[in-house]
Amino acid sequence: MGSLCSLWDNLFRSPGYLLTFMQAEKIRWSQSIKHFKAHEKTLCGDVLLTAAFVSYVGSFTKRYRQELVEHMWIPFLKSQKVPIPITEGLDLITMLTDDTTIAAWNNEGLPGDRMSTENATILTHCERWPLIIDPQQQGIKWIKNKYGTDLKVIHLGQKGFLKTIERALACGDTILIENLNETVDPVLDPLLGRNTIKKGKYIKIEDKECEFNKNFHLILHTKLANPHYQPELQAQTTLINFTVTRDGLEEQLLTEVVSVERPDLEKLKSLLTRQQNDFKIELKHLEDNLLLRLSAAEGSFLGDTELVEKLESTKSTAAEIEHKAVAEAKENEVKINEAREHYRPAALRASLLYFVVNDLGKINPIYQFSLKAFNTVFHKAIVRAEASEDLQGHITNLIEAITYSAFLFTNQGLFEKDKLTFLAQTMFQILLRSKEIELLELDFLLRFTVEHTHKSPVDFLTPQSWSAIRAIALMDEFRGLDRDIEGSPKRWKKWVDSECPEKEKFPQEWKNKSCLQKLILLRALRPDRMTYALRNFVEEKLGSKYVESTRMDLAKLYEDSSPATPVFFILSPGVDPLKDVETLGKKLGFTIDSGKFHNISLGQGQEMVAEEALEEAATHGHWVILQNVHLVAKWLGTLEKLLEQYSKGSHSDFRVFISAEPAPTPEEHIIPQGILENSIKITSEPPTGVLANLHAALYNFDQDTLELCSRETEFKSILFSLCYFHTCVAGRLKFGPQGWNRKYPFNTGDLTICVNVLYNYLEAHTKVPWEDLRYLFGEIMYGGHITDDWDRKLCHMYLEEFMSPAMLEGELALAPGFLAPPNLDYAGYHKYVDEMLPAESPVLYGLHPNAEIEFLTMKSENLFKTLLEMQPRNLLVGEESGQSPEEKVKNVLDDILEKLPEEFNMTEIMQKAAVRNPYVLVCFQECERMNLLIRAIHRSLKQLDLSLKGELTFSPDMEAQQSALLYDSVPDAWTRLAYPSTYGLAQWINDLLMRCRELDTWTQDLVLPAVVWLSGFFNPQSFLTAIIQCTARKNDWPLDKMCLTVDVTKKIREDYGHPPREGAYICGLYMEGARWDIQAGLIAEARLKDLTPAMPVIFVRAIPIDRQETKHIYECPVYKTKTRGPTYVWTFNLKSKEKSAKWVLAGVALLLAV
């Protein structure tokens, strides 16, 4: 500043012409001096804030950066005893860089949004090595352009990477380490920590001392979207979040769309921006040069002709820039921006769609889509958009083309069950952006929190539906709904009982509700119809073409693919899409015989074969199929690098087709992100439904197969029955636990092997060995997959029903209304299926129609749970409710802590027990387990509370717990200590409190309750075993020769005042798949829509095994929850007039919780 003042005085004493010449500069320089003087006072505070900005904010999102600086740091500095002055409205970027530098960065490819500029500023000024989080690869693109050929790019683990680092250390080069995982090779620790030796001249890498040049610069890069790095690595590096933002992407896509639609505008805008940037750079350079010469001049510099000429040239250049850059540029910029703004809705829609597509990875990690691929789709959509003379109409066409192209591109790579999730999320985000729906109503629809269970006052609604009605009646928009349903039950019953209620009008004024409010009503009253309702909603808002099924066109996919874009088939059991690739290859001249087609099924030892095939194909333009790449986990990293290597400079005909099965869980996912992002993903799934699957089963055979066996009639009949059996066992999987307790990979191989065994046995025996065949099919071929005893029983029961001598006499019904066919030819069997098979229904599998309702209800529950987890976190509780996600979690946390009861005082309770019989011991065990759970809940909530306050470090477990509380689910840390449950968090807490109250009542005097709520136990088996133990002791019977028998009473819990003399009364059970006929005292056919009717009180007592009733009973399994399988408790023998096969096939079971 002093230098500037003395220079000014020197100039002021110069001759008149120079003084006049410098008048314009006087004003500007005087203002600069004033500014510098004022800045002296705030300099320390500004520098402190800037240093904190560079050091700490890099890893955060735009919103949190603003919150940190404006609402935390600045108020903190001002609130000190001696406030630290800071420049008002300080822009931290201007403290570190200037418009000239930013302009140069933009010219090098840095996106023009604020977040990207901040990131570049931090990267160029941080003292620690920068580690950039760059899932969309925008940061790395800019870095490579910025440093050009001076940048050395390496991957960890590549051949000779340490040598490259050693050379760069000695020469002072800049090194970029690409695509880091969450762990870094420990050999680099000294480099990351800058642990220099010998007075800072050397760094030790492995055992070698490497010379350390002070100019050496290291940049680390990861493609991972949400990496979890060790604290040590975070301390050694400056994390910089280059993840693309909605605003930033919107601007980039706006540039794209305008460059295609109005290339003249975008060219002018680009030219103007570059011209302005160049002007700024030139002016800065001239000023710096002039000041340098003036400060270097000694005495009078008027004799320095070159300097005076320089002053004149600076003045004229400044005047030219003033005219061009300011006047012309501003005028042109206004015109350009006005014209560009017309296209913003198209860019806005594309930005929204990209973030919806990007979030699909939360459903399944195999759904990875790159911004580069999305940009290609976006560009093609703009070109293909229907032209319109009217600009507004053309913008509408553009938006539609972009939306539909993104839908087709994404939809082809999704499983059927996830397609509606994608559509619904897209639609909700579009409607939220256009303010057509309310955020709070959407949040309620997705969460649908029902805390309390209420008994239904009307017979057409279950307790679950009525409880949901009571919950939504608390909202202003639904006030009085519960009273209206009670007051007009006939109207509501008619609507609830209709086949497609989503297409019917609601009774009275409720029909005037908005679309979203109608969805909320439907979810309460008929949750099983929600998937259909959502589909209709999408059709209404987006158009019918979005809900129509589309067929895979491999020829079109081939056109979209390239040497840099492989085709990735996501496999499903029973489907081989690669046959279609072979067929297409033959059409285009790529065959195995011609040597242009390489088909490699990967497994042990095939990696080298695949590498050689890829190299040959890339050179000569062949096709390569790599099947089942999930089987070579260790080689996938190499494959990713090879595909990247061959994506450039390969023959234009070179293509790669990859297939892999998706991992069963996200934790087991192994396919590298780079392979998935750069591929066109295709899913192939088997057909659904009995008709399609029965045809598919028959397609495994032909007329020659039917004529194979000498005993044609028996062979054909049993073969058809086997096809129907295969259809049933495979089709039942969709019904979840009511179909099979566990999931099994039944496949066509099981069916074809069974037919081979059938042929061999019929040829070898004079009579049909029914028992042997049923054993081989049910215990070995299909039974080889089965691990659950009840599932094995089901499989055996199917074979009992479908394979018997009655089928040869034409009397066997495979399903109600579907007799086993007579002796026909191959085409005749297909025709018989088409003509005679009844409409698709659970009855065809032996299940009750309610199984379809349960399946659809669970499908809609899972859909909404997934949609909730996909919502952007800032929208979830958002600005409208005035709560941040952390505040929402804090409220939930405080509410639970307030409700949570005290632990049971075990010392006090044990002192009450004069005699410790088995029942008392069960009570003690239950109280101890409850104490463990309460203690864990209390401790974890207190720790989370401290973490939210910033007093404790957030661990991954706490992060998971916070997420669970936000999404109304029970944290894993609690479920590990708790009992199996399918409830959401609110209902789970209420259930926990009920269990505590039951135990509290029991511990008052330790006398067995009149009726025991069996569902309230951690371990209900222990209580049922205690009944046997007490009876055995009382009657002196051997424990191993005893069993339980049950008598279902006609009473409810409130009808009993004291326990029985022997055994116990239990309640809290529900029947699924059938119902209990109280009057007849038998299992009966379930009523439609009553999925899990409650059982009356059951009297359980112990008897010797030899007195057990074995006739006219159904051995009914008891499970803790609807998930069945591992929650098995006991088997109760229930009376039945029907054959037990009916109930086994219907999946009838008792449940302790629904």
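**Aromatic cluster**

Select Phe720, Tyr724, Phe725, Trp740, Tyr744, Phe746, Tyr782, Tyr798, Phe802, Phe818, Tyr829 and Tyr832: together they form one aromatic cluster. Rings of Phe, Tyr and Trp (its six-membered ring) pair if their centres lie within 6.5 Å; planes under 30 degrees apart are stacked, over 60 edge-to-face, and the rest tilted.

This is a predicted model, in which local features need pLDDT of at least 70 and side-chain atom pairs count only at pLDDT 80 or more, while totals for chains, interfaces and linings use all residues. Numbering starts from 1 along each chain as its sequence is written, and side-chain values use heavy atoms, with hydrogens and water left out.

The whole structure holds 48 aromatic pairs. Select Trp623 and Phe657. Their ring centres are 5.1 Å apart and their planes meet at 55 degrees, so this pair is tilted. Trp623 sits in strand β11 (623-627) and Phe657 in strand β12 (655-660), so the pair ties together parts 34 residues apart in sequence. Strands (E, at least two residues) and helices (H or I, at least four) are DSSP runs, numbered from the N terminus. Both Trp623 and Phe657 are buried, meaning under 20% relative accessible area, with a 1.4 Å probe and protein chains only.

Next, Phe1017 and Phe1023. The centres are 5.2 Å apart and the planes at 20 degrees, so the pair is stacked. Phe1017 is buried at 6% relative accessible area; Phe1023 is buried at 0%.

**The largest core**

Stay on Phe1023. With Phe428, Tyr724, Phe777 and Trp974, Phe1023 touches the most other members of the largest nonpolar core, which has 234 residues. Such a core is a set of buried Ala, Val, Leu, Ile, Met, Phe, Trp, Tyr and Cys residues joined through side-chain atoms within 4.5 Å. Helix α41 (918-949) gives the most to this core: twelve residues.

Strands pair if DSSP finds at least two bridges between them. Select Trp1013: its bridge partner in β18 is Cys1067.

**A buried loop residue**

Finish at Thr1121, in the loop between β23 (1113-1119) and β24 (1128-1135). Thr1121 is buried, at 1% relative accessibility.

Methods:
Buried means under 20% relative accessible area, exposed over 50%, partly exposed in between (1.4 Å probe, protein chains only).
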